[in-house]
Structure formats: structure tokens, C-alpha cells
Amino acid sequence: MAAGRTRVALKTVKDVSVQFCPFQSNVRSAREFLAAIGTKKARQTNSNCRIVADVKHDETEPVISIKFNDGESLIMKAANLTTKEMLSFFNEICVAKDPRAQETGSKKS
């Protein structure tokens, strides 16, 4: 699974909801995203982050809803996105919202 190579930090995230119908053919990326953010390492970055898997049986499109600590939210419609695209975009936003991550990133440059 390619999603396992991407490091995920949930420091700036309040909760994540992953909704999908497992019988649809386009849910692989949503399930892999859920697996990536549900790893022990990712969970340790923010033990207060609530991760919910909402498995439905109504043929709905896979949707990932993310609420950040600052009140902003992000909705990704996963049907036409790869796991790598979603994780990289998610990580970009998390780094932009975390001042400590920005400081360490500028020191490495």
C-alpha cells in the first residue's frame, strides 16, 4: 500500500470522518486514507483527534470530512482522487496550520 509511506501528523486536526459504501468500486482511496490516519504513529501525534469511519450501504460517493482545531473544515470527495493526492494535500494544510512545523521546515531549507 503506497499510503503507508506518507507520514501523517494530526496535531492541527479536531476530527476526521470517512464515509463510504464498501460495495462501490471507487472506495479504495478512502479506505487507504482511513488506514493511513488510523495508524498508531499518526494517532500519537494527537490523541484527542476523533476518527470516525461511517460505513454506509446506500451507494453514496466516498467523502472525507476533516475539521481543524481553528474551526476550518475540509471536504474531499475521494471517488476521483488517489490516496497519495489526498494525503499530500492533507499534509500541506496541516503543516500550514502548525507554526512549529513551519519553523522546522524553514530551518531545513
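This is a predicted model: local features need pLDDT of at least 70, side-chain atom pairs count only at pLDDT 80 or more; totals for chains, interfaces and linings use all residues.
Which pattern does the chain follow when it is read along the sequence? Read that way, the pattern is β-α-α-β-β-β-α-α, made up of 4 helices and 4 strands, where helices (H or I, at least four residues) and strands (E, at least two) are DSSP runs numbered from the N terminus.

Residues are numbered from 1 along each chain as its sequence is written, and side-chain values use heavy atoms, with hydrogens and water left out.

Let me start with the chain as a whole. Of its 109 residues, 37% count as buried, and by buried I mean under 20% relative accessible area, with exposed meaning over 50% and partly exposed in between (1.4 Å probe, protein chains only). The accessible surface comes to about 7100 Å², and 49% of that belongs to carbon and sulfur atoms; these areas come from the Shrake-Rupley method with a 1.4 Å probe, and for residues only the protein chains shown count as cover. If we take the contacts with a separation of 6 or more, residues 24 or more positions apart account for 73% of them, a contact being heavy atoms within 4.5 Å.

Now to the sheet. The 4 strands form an open sheet in the order S2-S1-S3-S4, with mixed pairing, and two strands are said to pair if DSSP finds at least two bridges between them. The edge strands, each pairing on one side only, are S2 (50-55) and S4 (73-77). Neighbouring strands of this sheet are turned by 10 degrees against each other on average, direction ignored; axes here are lines fitted to C-alpha atoms, for helices over the stretch in contact, and angles run from 0 to 180 degrees between N-to-C directions.

Strand by strand, S1 (residues 13-20) runs parallel to S2 and is joined to it by 6 bridges, with Phe20 standing opposite Val55 in S2. S1 also pairs with S3, this time in the antiparallel sense and over 6 bridges, and there Val16 stands opposite Ile66 in S3. S3 and S4 run antiparallel, joined by 5 bridges, and Ser65 has Ile75 in S4 as its bridge partner. The hairpin of S3 and S4 has 4 residues between the strands, and in it Gly71 takes a positive phi near 95 degrees.

Next, the helices that lie across this sheet. Helix H1 (residues 28-37) lies across S1, S2, S3 (63-68) and S4, running at about 150 degrees to S1, whereas helix H3 (residues 83-97) lies across S1, S3 and S4 and runs at about 10 degrees to S3. H1 is mostly covered, with 7 of its 10 residues buried, and those buried residues pack against S1, helix H2 (40-44), S2, S3, S4 and H3. Among the buried residues of H1 are Phe33 and Leu34, and also Glu32.

Phe33 takes us to the core. In general, nonpolar side chains tend to be buried together in soluble globular proteins. A nonpolar core is here a set of buried Ala, Val, Leu, Ile, Met, Phe, Trp, Tyr and Cys residues joined through side-chain atoms within 4.5 Å. The largest such core has 26 residues, of which Leu10, Val13, Val16, Phe33, Ile64, Ile66 and Phe90 touch the most other members, and the elements giving two or more residues to this core are S1, H1, S3, S4 and H3. Not counting residues up to four places away in sequence, Phe33 touches several residues, including Val16, Ile64, Ile66 and Phe90.

What about the cysteines? A search of the whole structure finds 0 disulfides, a disulfide being a pair of cysteine sulfur atoms within 2.5 Å. The sulfur of Cys94 is 8.9 Å from the closest cysteine sulfur, in Cys49, which is too far for a bond. Cys49 is buried, with a relative accessible area of 2%, and Cys94 counts as buried too, at 5% relative accessibility.

I will finish with Thr12, which lies in the segment before S1 and counts as buried at 10% relative accessibility. Leaving aside neighbours within four places in sequence, Thr12 is in contact with Phe68, Asn69, Cys94, Lys97 and Asp98. Thr12 and Asn46 are 34 residues apart in sequence, and 8.1 Å apart in space, C-alpha to C-alpha.
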